[in-house]
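Open the model in your viewer and keep the selection tool ready.

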Amino acid sequence: MKLVMAIIKPFKLDDVREALTPLGVQGLTVSEVKGFGRQKGQTEIYRGAEYHVNFLPKVKIEVAVPSDLAEQVVEAIMKAAHTGKIGDGKIFIMDVERVVRIRTGETDAEAL
Amino acid sequence: MTGPSMQQTKSPWRFARALPLALPMLALSAPAFAADAPKIDTGNTAWMLTSTALVLMMTIPGLALFYAGMVRKKNVLATMMQSFAICCLVTIVWCVVGYSLAFTTGNAYIGDLSQFMLQGFAKTWNNDFLLGGSADETIPESVFMMFQMTFAIITPALICGAFADRMKFSAMCIFMVLWSIIVYSPIAHWVWATTGWAANLGVLDFAGGTVVHINAGVAGLMCALVLGKRVGYGHDNMHPYNVGYAMIGASLLWVGWFGFNAGSAVAANGRAGMAMTATQIATAAAALGWMFAEWMTKGKPSLLGIVSGAVAGLVAITPASGFVLPGPSIIIGVAAGVGCYFCSTTVKNFFGYDDSLDCWGVHGIGGIIGALLTGVFAFGPLYGGSGGSAHQFLLQCYGVGATLIWSGGMSFILLKIIDMTIGLRITRDEEVEGMDITLHGEQIV
């Protein structure tokens with residue numbers, strides 16, 4: 001099993017969810033986060049006062065999938081979250097040791 | 001000097017001048033003259049009651065939202081608290097001595113204490129109240145006093161923009177009470193009372209360009225200078241909590257300003273209509289002026305910019321509204337929008353003072369632009385005067401200068417005294433943590 005964690009532009013969230021559903025992804029966790037990467041930040045101007053905002057708002061999604069599905073999920077996220085401009089985000093893929101469904105106690109593949 | 005004095009007798013405040021003479025006369029001889037005495041005009045009274053409510057709405061919630069939207073999240077409630085508390089404090093001050101010092105006979109510089117605690121109302125509450133001797137223009141004195149009270153409330157509340165994020169609440173309460181008595185009442189007396197020296201000189205101020213805006217603006221500048229900059233000013237991110245609040249606040253100010261300006265005709269008449277017309281036009285022109293100036297210099301037209309421009313236009317047209325035609329209203333508006341934009345950005349940055357929400361940059365500068373241009377564009381037939389002229393322009397300069405000196409000087413002294421006794425400023429830690437939680441024990445989560 002793999003955990004796919006992606007940092008994306010907030011307005012791309014719906015596109016990503018729609019791209020993942022047909023692949024059989026059954027669940028997804030979404031967090032609103034802030035951070036910086038190559039995009040660094042942006043400048044805001046209020047009555048002439050310029051503020052450099054270092055941490056930009058992003059959305060983090062986490063989805064746990066069977067290992068054979070991971071590559072498709074990554075591709076789907078890449079395609080859906082892509083704008084071609086700086087700040088599109090990153091995808092991290094991690095191994096998952098164990099999964100437990102709290103309600104039933106099912107584990108691993110059954111719990112996904 | 002016949003010109004200016006004639007203008008004054010036709011000014012919207014002429015009934016205030018008639019008051020000290022009229023009241024004793026009414027009290028003594030009401031039965032004998034009952035048939036001839038002017039009646040309370042219900043139309044005018046209805047409009048003035050409405051205007052009073054509109055002007056109160058400018059402070060709460062208008063100004064409270066306008067300012068609160070521009071401060072950081074940790075100071076939003078404290079900023080709203082300032083406007084609301086000033087509304088309550090000045091109401092009491094105005095009742096006890098403020099109205100009496102501003103609008104009774106006294107001398108050329110200040111009124112007397114004959115209306116201490118509004119004691120005259122016990123006898124005169126239902127009397128006709130002369131509006132310049134014309135029988136069809138009367139409102140009760142209580143309505144006049146209330147209308148004026150809402151002006152006395154908003155003026156100190158405007159100052160809060162200059163010391164946002166860093167003044168002790170206790171110091172603010174004391175400063176505002178003393179400022180209302182020592183600065184506001186005398187200046188209102190000079191300009192709007194029968195015996196005031198500025199009124200008799202012929203200085204034109206329809207709805208309070210000098211009394212309200214220049215007065216609050218320069219007092220704000222003194223606050224910014226005496227209190228010093230906010231911690232982190234110039235390098236920390238101080239982005240506004242919610243520009244949407246500021247937009248709602250500015251819109252409430254705009255709507256309320258029809259009471260402020262058109263209400264200053266003190267009648268539901270043609271001049272009130274012209275004041276409302278000039279107000280709307282100048283405000284739109286100033287909003288566009290600020291928007292285009294910002295668009296051209298900074299690359300983007302911002303919401304905060306366009307609403308700031310609207311407020312600048314409202315300020316500038318205040319002294320002019322009952323004196324000018326629609327065409328000049330556009331010129332006054334554009335001058336205010338562009339002028340206030342540069343003063344609130346380039347000029348402020350050049351000198352480095354932290355007039356946090358641009359009390360001086362918008363109200364001081366906008367008020368000065370409006371007061372001076374009133375002397376240029378005043379249209380004689382509208383008020384039965386001689387219209388704009390070099391002489392009138394100089395009179396306006398005189399009024400502006402006197403207000404700057406008295407308000408600036410007295411505000412500076414008051415601030416210094418409070419600073420030396422109880423202290424003006426919150427501690428650095430309190431400032432960093434935010435005034436909502438440290439001064440008021442509540443916060444937006």
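**Stop 1: the sheet of chain A**

Select strand β1 (residues 2-8) of chain A and strand β5 (residues 56-65) of chain A: they pair in the antiparallel sense over 7 bridges. Strands here are DSSP runs of E, at least two residues long, and helices are runs of H or I, at least four residues long, numbered from the N terminus. Two strands pair if DSSP finds at least two bridges between them.

Before going on, note that this is a predicted model, in which local features need pLDDT of at least 70, side-chain atom pairs count only at pLDDT 80 or more, and totals for chains, interfaces and linings use all residues. Residues are numbered from 1 along each chain as its sequence is written, while chains are lettered from A and ligands numbered from 1 in the order in which they are written.

Click A6(A). Its bridge partner in β5(A) is I61(A).

Look for K2(A) opposite D95(A), and V4(A) opposite I93(A).

Show the whole sheet. It is open, with 4 strands in the order β2-β5-β1-β6 (chain A) and antiparallel pairing. Which strands are at the edges? They are β2 (29-35) and β6 of chain A, each pairing on one side only. From one strand to the next, the twist averages 20°.

**Stop 2: helices on the sheet**

Select helix α2 (residues 67-81) of chain A. It packs on the sheet and touches β1, β5 and β6 of chain A. Its direction makes about 5° with that of β1(A). Angles run from 0 to 180 degrees between N-to-C directions; axes are lines fitted to C-alpha atoms, for helices over the stretch in contact. Contact requires C-beta atoms, placed from the backbone, within 7 Å.

Next, helix α1 (residues 13-20) of chain A. It lies across β1, β2 and β5 of chain A, at about 10° to β5(A).

**Stop 3: a helix pair in chain B**

Select helix α11 (residues 270-298) and helix α13 (residues 326-351) of chain B. They pack at an angle of about 35°, with their axes 7 Å apart.

**Stop 4: where the chains touch**

Show both chains. Here 13 residues of chain B are in contact with 7 residues of chain A. On the chain B side, α12 (303-320) and α13 each supply at least two residues.

Key: Two residues are in contact if their C-beta atoms, placed from the backbone, lie within 7 Å.
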